[in-house]
Amino acid sequence: MPIKDWPEGERPREKLLERGAGALSDAELLALFLRTGVRGKSAVDLARELLADFDGLVGLLAADQRRFCEGKGLGRAKFAELQAVLELSHRYLLSRIRGQDVLTSPEATRDYLKLRLYGSPHEIFACLFLDNRHRVISYDELFQGTIDGASVHPRVVVQRVLATNAAAVIFAHNHPSGVAEPSQADLRITQRLKEALSLIDVRVLDHVIIGDGEGTSLAERGLL
């Protein structure tokens with residue numbers, strides 16, 4: 001049965017308008033993005049099938065263009081639309097933390113870092129550059145590696161800190177495995193970066209590891 005023939009309270013668009021986006025399932029939200037189904041399938045049916053094919057929402061959102069366009073009912077136009085939606089989300093969350101002390105809004109900071117880094121099949125090492133009042137100057141993804149790790153070069157970090165005139169930094173990287181526990185390599189590179197940046201009087205406020213759940217803060221663990 002086409003969605004237009006469903007009871008009004010069960011149609012995704014009407015449900016969202018009446019109860020809010022949080023009331024919709026992943027499939028219903030994706031159906032609104034797709035707008036139409038394919039022959040024999042409603043948009044919701046197609047959305048459920050796509051979520052199964054991509055192993056869930058994370059797999060779909062993280063898919064590259066080639067993999068995404070292999071999905072039934074998808075294509076380059078949908079890929080472009082989805083990337084635009086994701087970038088809007090990134091910019092919205094960055095706007096929430098830019099101009100305010102990130103130490104007073106750790107949840108917003110962590111939400112932003114998770115949206116940027118979670119779901120990537122490769123390790124990405126990123127940095128939030130902060131001014132002397134701990135307000136965000138910029139966010140940069142400095143290094144990318146394989147699923148086994150990324151090579152992080154302190155010299156490059158120091159150069160970027162000087163270029164942004166940052167007074168403090170927060171590092172972040174993802175664990176593609178989903179396990180957000182810090183490794184010995186994570187602790188070693190954090191210490192190396194702290195030592196390098198201390199020579200130019202720049203503080204390392206935190207190193208956040210992104211995985212399943214909320215992520216892990218080395219500062220909260222007392223590991224900085």
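R35, K78 and E81 are tied together in a network of salt bridges, a salt bridge here being a side-chain nitrogen of Lys or Arg within 4 Å of a carboxyl oxygen of Asp or Glu. Before going further, some housekeeping: this is a predicted model, so local features need pLDDT of at least 70 and side-chain atom pairs count only at pLDDT 80 or more, while totals for chains, interfaces and linings use all residues. Residues are numbered from 1 along each chain as its sequence is written, and side-chain values use heavy atoms, with hydrogens and water left out.

Back to the charges. Searching the whole structure turns up 13 salt bridges. E70 takes part in one with R66, where the closest N and O atoms sit 2.6 Å apart, and in another with R67, at 3.7 Å from N to O. On accessibility, buried means under 20% relative accessible area, exposed over 50%, and partly exposed in between (1.4 Å probe, protein chains only). By that scale R66 is exposed at 54%, E70 is partly exposed at 49%, and R67 is partly exposed too, at 28%.

Another pair is R91 and E87, with closest N and O atoms 2.9 Å apart. Both belong to helix 6 (residues 76-97) and are four residues apart, about one turn of the helix. Helices here are DSSP runs of H or I with at least four residues, strands are runs of E with at least two, and both are numbered from the N terminus. An α-helix has 3.6 residues a turn, so residues three or four places apart point the same way. R91 is exposed, with a relative accessible area of 57%, whereas E87 is partly exposed at 27%.

Now for helix 7, which covers residues 106-117 and holds T109. T109 has a relative accessible area of 5% and touches I97, V102 and L128, leaving aside residues up to four places away in sequence. Contact means heavy atoms within 4.5 Å. After helix 7 comes G119, with a positive phi near 95°.

Five strands make an open sheet in the order 2-1-3-4-5, with mixed pairing; two strands pair if DSSP finds at least two bridges between them. Strand 2 (136-144) and strand 5 (216-217) stand at the edges with a single partner strand each, so one side of each has no neighbour in the sheet. Strand 5 runs antiparallel to strand 4 (residues 203-210), joined by two bridges, and V208 stands opposite S217 there. Helix 8 (residues 154-164) packs on the sheet, touching strand 1 (124-130), strand 2 and strand 3 (168-174), and its direction makes about 160° with that of strand 2. Axes are lines fitted to C-alpha atoms, for helices over the stretch in contact, and angles run from 0 to 180 degrees between N-to-C directions.

Finish at H173, in strand 3. H173 is buried, at 3% relative accessible area. Its contacts, not counting residues up to four places away in sequence, include L117, D186 and V208. The H173 side chain also makes a polar contact with the side chain of D186 at 3.1 Å. A polar contact is a pair of N or O atoms within 3.5 Å; within protein, one must be able to donate a hydrogen and the other to accept it, and residues adjacent in sequence count only if both atoms are side-chain atoms.
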